[in-house]
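Subject: Structure for you to look at

Hello,

Here is the structure I said I would pass on. Please open it and keep it beside you while you read the notes below.

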Amino acid sequence: MKKIFILFIIIAYQNIFALSIEDISLHLQNSLETKLKESNQNTPIIKQIYKSFENKPIWVQDSTKMSNLIQALKNPMYNYKNKAFDQKAIKKLLYYLDNNNISQQKKALVYARLDLLLTNSYIRLIRFITEGDVDWDLVQKKLKELKESDDISAVWEMNPKHIPSTKSIIYSIKKQKVTPYLNSLLPMQNRYKKLVNLLVKYRQMDKFPKIPYTNKVLKLGDRDSRIVTIKKRLQISGDYPKNVKLTNKFDTLLQQAALTYQKRYLLKPTGMIDKTMTYYLNQPAKKNIQSIITNLDKTKLYPKKFEDEYIEVNIPDFNLRYYKNGNMITKMGVVVGRIDRPTPIFNSSIKYMVLNPTWTIPDNLIKRDLIHVFRENPNYLQEHNIHVFRGKKEIEDITHDMLDPYEHSEEKVPFRFVQYPGDDNALGRVKFMFPNKYAVYLHDTDNKTLLSRRYKIYSSGCMRVDKPFELLDILLSHAKKHYDRYDIEEIIATDKPTIIRLKKYVPIHIVYFTVYEEDGLAYFKNDIYMYDKIIQESIKGRSKPTFHMPKNRFITTN
């Protein structure tokens with residue numbers, strides 16, 4: 001089919017020599033003046049492009065250029081949503097020209113229409129690659145409305161891009177660089193390309209076989225009629241080897257496949273197959289496809305790539321990754337904000353670290369948590385090394401009666417609650433500071449058990465790091481002074497807050513990607529804050545004006 005279509009283009013290109021370019025140009029000029037709608041946001045760009053070509057045809061004179069554009073319009077690397085972009089109309093005109101269904105008198109007009117269609121489609125494709133079709137203003141509106149509807153302060157600093165300069169578009173056409181130009185526009189290029197490849201793979205996958213539910217937990221050595229179906233299902237997703245004879249025995253290959261699958265979906269890594277895993281296996285591929293598309297949409301908020309050295313915290317993945325010169329040098333788990341206190345999504349730079357940090361409890365946490373806990377346990381402050389100040393003066397005899405009036409008040413609590421350094425400090429022994437208006441940061445934790453949970457959503461916005469001293473060691477290479485492990489241990493032993501400043505700031509990107517490819521496998525994460533759902537319901541032309549947070553947001557495991 002592809003070869004036939006290209007043949008249409010070649011024949012149409014050969015036929016054009018029987019016509020006068022001036023005739024086509026006259027029809028083009030007339031169409032530019034009468035056919036283009038002022039409401040079409042691409043009209044000014046199209047007119048400027050043709051002006052630079054002296055209103056002469058751009059595509060129909062060059063079969064290679066036209067073929068490259070037509071192939072690009074259907075290429076999922078650029079058009080992963082299979083948008084029309086007038087492809088049917090273009091194909092129809094090429095067919096008519098190829099079969100001489102157009103009279104000689106009208107051929108110049110048809111060539112002009114074809115050329116104009118191609119130019120408009122090129123602009124639409126460029127606009128889709130750079131801007132996409134998500135109404136990001138509507139997404140922001142819905143995020144802000146969560147405060148009123150669900151008392152959730154959801155923050156995502158977005159930087160949607162706009163279509164590039166007309167000058168650069170004209171250059172790409174004149175220099176025969178249509179495909180390289182489109183490639184140069186791809187956002188977050190490494191991540192984007194991996195997601196597109198995943199999308200193509202999942203669109204081509206066989207239909208997932210339905211696995212019957214049962215209370216029986218399948219384990220190594222078991223024989224069961226369902227096992228062949230399970231193996232087929234895991235073969236499709238790449239977890240179980242392709243060229244292996246399928247039997248009804250639960251073998252070591254199936255155990256390893258189950259472990260791999262469980263890891264990818266944050267299921268309890270048992271190597272056994274229970275009702276929960278069966279539920280996940282029975283989810284249709286179209287659900288995965290939609291997730292991949294939504295994550296491709298999110299890439300449009302970002303540049304081609306991040307810096308040569310940076311930290312990325314992916315909230316739904318509960319992981320921090322440190323990259324340097326294109327390589328991941330470490331990966332560690334993080335605890336992130338609760339679903340009602342989400343960690344803000346934004347970019348910043350780590351400027352300094354604090355050993356033996358104190359923790360000044362934010363006003364909102366005093367009202368939401370501390371006052372209630374203090375009322376239930378009057379010794380809570382002493383037990384947790386928390387000191388209370390009014391101005392610079394420490395208050396020794398604070399009572400819950402002094403705090404109760406502020407619990408549900410908008411008035412700020414007139415006291416400062418400061419937890420002193422120590423092993424039971426909520427921030428642990430080190431915090432990593434990237435100054436921001438949300439007062440969030442990375443830090444150690446006094447409660448390591450939270451890092452072993454499936455959904456690590458227990459903080460009030462900050463991010464607790466699994467391996468804080470490993471991260472510290474890496475960042476110390478950028479410190480203004482030299483520190484070795486002995487120096488760090490000596491500082492910690494003092495229990496005195498100590499700031500370590502960096503001579504080179506390290507960028508940190510807090511992101512929200514629920515799908516990614518790593519080690520050759522696709523990972524699909526739970527949409528913990530429902531941001532994917534909000535984006536899916538904010539597509540231009542088929543958006544919902546409001547968003548309602550569902551009551552049940554997680555799947556319970558056994």
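Two residues are in contact when they have heavy atoms within 4.5 Å of each other. With that in mind, take the contacts in the chain between residues at least 6 apart in sequence: 71% of them join residues at least 24 apart. Please note that this is a predicted model.

Overall picture

The chain has 558 residues, and 52% of them count as buried. It contains 19 helices and 15 strands. The C-alpha trace spans about 100 × 65 × 50 Å along its principal axes.

In soluble globular proteins, nonpolar side chains tend to be buried together. The largest nonpolar core here has 172 residues, and the members that touch the most other members are Y122, W156, I169, I315, F417, F434 and L442. Which helix gives the most to this core? Helix 6, residues 104-130, does, with 14 residues.

Leaving out residues up to four places away in sequence, F434 touches F346, S348, S349, I350, V440, Y441, L442, M463, I508 and I510.

T119 and K161

These two residues can be read side by side. T119 lies in helix 6, while K161 sits in the loop between helix 7 (136-150) and helix 8 (166-174).

Is T119 buried or exposed? T119 has a relative accessible area of 0%, and buried means under 20%, so T119 is buried.

Not counting residues up to four places away in sequence, T119 touches I46, I49, Y50, I58 and W59. With its neighbours within four places in sequence set aside, K161 is in contact with T130, E131, P187, T299, K300, L301 and Y302.

Two distances are also worth checking in the viewer. T119 and L69 are 50 residues apart along the chain, and their C-alpha atoms are separated by 9.3 Å. K161 and I488 are 327 residues apart in sequence, and from C-alpha to C-alpha they are 43 Å apart in space.

Helix 11 and what it packs against

Helix 11 is largely enclosed by the rest of the structure, because eight of its 11 residues are buried. The buried residues are R226, I227, I230, K231, R233, L234, Q235 and I236. They pack against helix 12 and helix 13 (275-281).

How do you describe the way helix 11 meets helix 12, and what is the angle? Helix 11 (residues 226-236) and helix 12 (residues 252-264) pack at an angle of about 50 degrees, and their axes are 11 Å apart. The crossing of helix 11 past helix 12 is left-handed.

From helix 11, the contact uses I227, I230, K231, R233 and L234; from helix 12, it uses L254, A257 and Y261. By type, the residues of this contact are six nonpolar, no polar and two charged.

Just after helix 11 comes G238, which takes a positive phi of about 90 degrees.

Regards

Methods:
Residues numbered from 1 in each chain as written. Predicted model: local features only at pLDDT ≥ 70, side-chain atom pairs only at ≥ 80, totals over all residues. Heavy atoms only, no water. Core = buried A, V, L, I, M, F, W, Y, C linked by side-chain atoms within 4.5 Å. Buried < 20%, exposed > 50% of the residue type's maximum accessible area, 1.4 Å probe, protein only. Helix = DSSP H or I, 4+ residues; strand = E, 2+ residues; numbered from the N terminus. Axes fitted to C-alpha atoms, helices over the stretch in contact; angles between N-to-C directions. Left-handed = near helix turned anticlockwise from the far one by under 90°. Nonpolar A, V, L, I, M, F, W, Y, C, P; charged D, E, K, R; others polar.
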